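Dear colleague,

Please find below the structure that I am handing over to you, followed by an account of what was found in it.

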Amino acid sequence: MKRLIVLAVVCSSFVFAAARADDAPSPEALKAAQELAQVVSADTVNQMSAAMTAQIWPTIENSLAAKIDAATLAELRAEFETSVAAFANETTQASPAVYARNFTAQELRDILAFYQTPTGAKALHTMPKVMGEVMAQMGPRMKTFQQDLNARMIAILQKHGYKD
């Protein structure tokens with residue numbers, strides 16, 4: 001039954017992703033989204049990469065530090081940072097289509113105008129850090145959440161006659 005739950009979650013994510021892919025944005029919205037992505041991407045990608053590294057690298061380092069020399073560890077970290085930056089860059093290159101599917105051209109222009117204000121500029125610079133902190137708070141709680149959610153879903157399945 002546990003596999004059934006995992007399979008259902010995985011399958012539903014593919015169905016929702018495919019459904020979203022069919023929503024073609026208007027050319028006007030896509031153009032506005034590309035302008036927005038240009039403003040958002042540079043600093044955001046750097047901060048996302050730094051936040052991901054800060055969150056993930058210590059675990060990798062702790063698991064390897066006693067087993068390998070410092071030079072190898074340094075090379076691994078450099079490769080990790082390069083790979084994370086490339087991943088973040090690649091991911092953000094797809095963002096205009098996502099923005100354009102979820103916002104109208106006018107809404108995108110409004111967001112872009114906001115980012116050109118002092119508060120908007122601060123939000124652009126600060127939000128990746130804020131989100132990194134939020135994600136860092138979620139990390140330690142994720143395993144307990146997953147176990148609790150799984151137990152609740154199994155209880156519902158059992159209530160309806162599905163057995164493990």
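A polar atom of the S95 side chain lies 2.5 Å from the backbone oxygen of T92. This falls under the term polar contact, that is, a pair of N or O atoms within 3.5 Å; within protein, one must be able to donate a hydrogen and the other to accept it, and residues adjacent in sequence count only if both atoms are side-chain atoms. S95 belongs to helix α4 (residues 95–102). With a relative accessible area of 14%, S95 is buried; the term buried stands for under 20% relative accessible area, exposed for over 50%, and partly exposed for what lies in between (1.4 Å probe, protein chains only).

Please note that this is a predicted model, in which local features need pLDDT of at least 70 and side-chain atom pairs count only at pLDDT 80 or more, while totals for chains, interfaces and linings use all residues. Residues are numbered from 1 along each chain as its sequence is written, and side-chain values use heavy atoms, with hydrogens and water left out.

As to the overall architecture, the protein has 6 helices and 0 strands, in the order α-α-α-α-α-α along the sequence. These elements are DSSP runs numbered from the N terminus, with helices being H or I of at least four residues and strands being E of at least two. Of the 164 residues in the protein, 20% are buried. Where contact means heavy atoms within 4.5 Å, 81% of the contacts between residues at least 6 apart in sequence join residues at least 24 apart. The accessible surface amounts to about 11700 Å², and carbon and sulfur atoms account for 63% of it; accessible areas come from the Shrake-Rupley method with a 1.4 Å probe, and for residues only the protein chains shown count as cover.

I turn next to the charged pairs. Side chains of opposite charge can pair when their charged atoms come close. Taking a salt bridge as a side-chain nitrogen of Lys or Arg within 4 Å of a carboxyl oxygen of Asp or Glu, the count is 5. One of them joins E28 and R109, whose closest N and O atoms are 3.2 Å apart. E28 is in helix α2 (residues 27–64) and R109 in helix α5 (residues 105–115), so this pair ties together parts that are 81 residues apart in sequence. Both partners are partly exposed, E28 at 47% relative accessibility and R109 at 34%.

Two further pairs each lie within a helix. R77 and E81 form a salt bridge with closest N and O atoms 2.7 Å apart; both residues are in helix α3 (residues 70–93), 4 residues or about one turn of the helix apart. R77 is partly exposed at 33%, and E81 is partly exposed at 35%. In helix α6, K129 and E133 are likewise 4 residues, about one helical turn, apart, and their salt bridge has a closest N and O distance of 3.2 Å. K129 is exposed at 52%, whereas E133 is partly exposed at 43%.

Finally, M127, V130, M131, V134, M135, M138, M142, F145, L149 and M153 make a nonpolar surface patch of about 800 Å². Patches are made of residues with over 30% relative accessible area and no salt bridge, like charges being joined within 9 Å and nonpolar side chains (Val, Leu, Ile, Met, Phe, Trp, Tyr) within 5 Å. M153 is located in helix α6 (residues 118–159) and, at 33% relative accessibility, counts as partly exposed.

With kind regards
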